[in-house]
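Q: I am new to this structure and would like to go through parts of it with you. Could we begin with the terms?

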Amino acid sequence: MSTPRSLGSITNSILQLNGLQNQPATTSEEKQSESQQFIFPILTNQDFKETLANYNQHIKKYNMQVWIENAEVRKFNKEVIRNRRNATITAEQKVQELLWKEQHKHLAPEAFNEAVEKYNHKHGPQLRKRNLRQEVKPDTEKYFLAFLHQYNMQLFKRKQVRKKLGVEVLGDLPKMDLYPNKIVEAERNGCRNLPVTVETIRHHRERLEECGALGGYQFRGANRAIKIAFNSDILVITDNGSSKNRTTENQAVTPERTNKVQHNNVSSRKNSLDKYKIRDKGDVANAPSNNIDTKESTKKPIGKEPKKIKTAEKKSGNASKKYELSEVLACNLEEKATLGRELSAGKFDNYNSLSEKIAQQEAYYGALHPDDFKEVAIQDIFKFSASIFSDLDCHPGTWVNAYKLWMNDKFINFNGQRLNKPNIYERWMKCIQVLKEVKIWKKNHPEWQPHYPSIYFDPARSFKENNSFEYAYRFFRLDDEKVEKFSRRKIWAEKSLRAKTDVKKAQDKIKDYLIGRISLDQVYEYVNFNCNKQVQDNLNELIKKEFEKIQNV
């Protein structure tokens, strides 16, 4: 059986095999679906102008809707302002209002407005309502352009990767990998383009999500970029994927699109050829108009003809989705602010730590990035320790501060570098054992109370009088930590095994790609983050070998 010449032909066969590539579009719906797919999508200068015009129209409509929704709130607030101008407000009443606002500031606008109505019904028209939604300000346009520019750079990088692999097939438009730090640090002529903070970028991104300019938010951990998509009604894109490998057989028969090629314009009786005669532009217009069927004039390929590939049936339900352990752990990661609020609210008071077997499997054989694995360990430790602080009224900020301290100072070596996953796993399990002993101690000594999390988990507080976790960790069962030589050799053997399984990891992902579970971009991203340099360089050959195995089955 003949093997494909490039990865592009492999991808065509894969799409046909999985029923993802159909016959030429005949209806308007099929044509519209093909128009939303691209080979090499890019943003030109004209695309930037049209996208910005669509954005302004979308924001104008959105702000008008917000203004109409907030009409009742404005009417209510005008009556409150009119009443307070004529009323006498005492200092005690002002303090009472400030305390009430501080207690209810965490509520959503709808719930806050209901609480205001109850308060005013009891004390008179004193407090004003919040707007249900906020309008998008003109400054947000600059951040939208910054997102577009970063997205265009990613599209150019995607184009280079696909050209390197020889892929020139239609595909869905990828999501944007948003890096706020790169936007903040971007400079031009020695000056920053947007001299703001990462929190400001996040605020404008959330506002663009509310108005519908962005969507499909996907969080993948604190050390990875979030994925987000532009509104298809706003984004204008150009496909720069026209194939440049045209031959004389598949060229369009128009004067504007014909390439100048050498041709033989002499009689067959002559022995010499005139090599310098070039077809002039528009000569094809004088050609005879009778149509020639290319199928009849094309020669049959030498050897056996490939078998016709049947369209596979599409699976439904959860049978087609099999999430790996690493993907499940990555999806369960939470942002530090959300984690702090949930810990403060007592959501994890009855939390059980992650199974030791699962953690060990991920540490030695998993595909999770070491930074994400470290974050999984810290979040698991904090959730398991939540019941120790159940008697304290812990503010979310104390948990967030403790989280920041551990992200910077825990699970690192003496040089300040992050530990590898097996060593993180060992210290993780020791932390869980220490917390179990602390819970037993607290149960047997009800009078004992820990400090707040930001103080209790501070790595710098390592003395006995500090009453801290660091002291309990350092002096926890020192005699039981001695590892035998055989166990130590086994640990090192398992560590070296991780380097040997990079090819196997890449092959598993390639198999998922060949059967239609994931896309080629997901394969490249996985290999780029989880495999060594040698596997990344030989990715093209690995895909060809796996495809040949499927053909030979």
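A: Helices (H or I, at least four residues) and strands (E, at least two) are DSSP runs, numbered from the N terminus. This is a predicted model, in which local features need pLDDT of at least 70 and side-chain atom pairs count only at pLDDT 80 or more, while totals for chains, interfaces and linings use all residues. Residues are numbered from 1 along each chain as its sequence is written, and side-chain values use heavy atoms, with hydrogens and water left out.

Q: Where does R461 lie?

A: R461 is in the loop between α17 (453-456) and α18 (469-474).

Q: New topic: at what angle do α12 and α15 pack?

A: Helix α12 (residues 336-344) and helix α15 (residues 396-409) pack at about 130 degrees, with axes 8 Å apart. Axes are lines fitted to C-alpha atoms, for helices over the stretch in contact, and angles run from 0 to 180 degrees between N-to-C directions. That makes α12 oblique to α15; angles under 35 degrees count as roughly parallel, over 145 as roughly antiparallel, 65 to 115 as roughly perpendicular and the rest as oblique.

Q: Which residues meet there?

A: K336, A337, L339, G340, R341, L343 and S344 in α12 meet P396, W399, V400, Y403 and K404 in α15.

Q: How many aromatic pairs are there?

A: Rings of Phe, Tyr and Trp (its six-membered ring) pair if their centres lie within 6.5 Å; planes under 30 degrees apart count as stacked, over 60 as edge-to-face and the rest as tilted. By this rule there are 24 aromatic pairs. In one of them, W100 and Y119 are tilted, at 5.4 Å centre to centre and 45 degrees between the planes. W100 belongs to helix α5 (residues 91-104) and Y119 to helix α6 (residues 109-123), 19 residues apart. Both W100 and Y119 are buried.

Q: What about F373 and W428?

A: They form an edge-to-face pair, 5.7 Å centre to centre with 75 degrees between the planes. F373 lies in helix α14 (residues 370-384) and W428 in helix α16 (residues 421-444), so the pair ties together parts 55 residues apart in sequence.

Conventions: Contact means heavy atoms within 4.5 Å. Buried means under 20% relative accessible area, exposed over 50%, partly exposed in between (1.4 Å probe, protein chains only).
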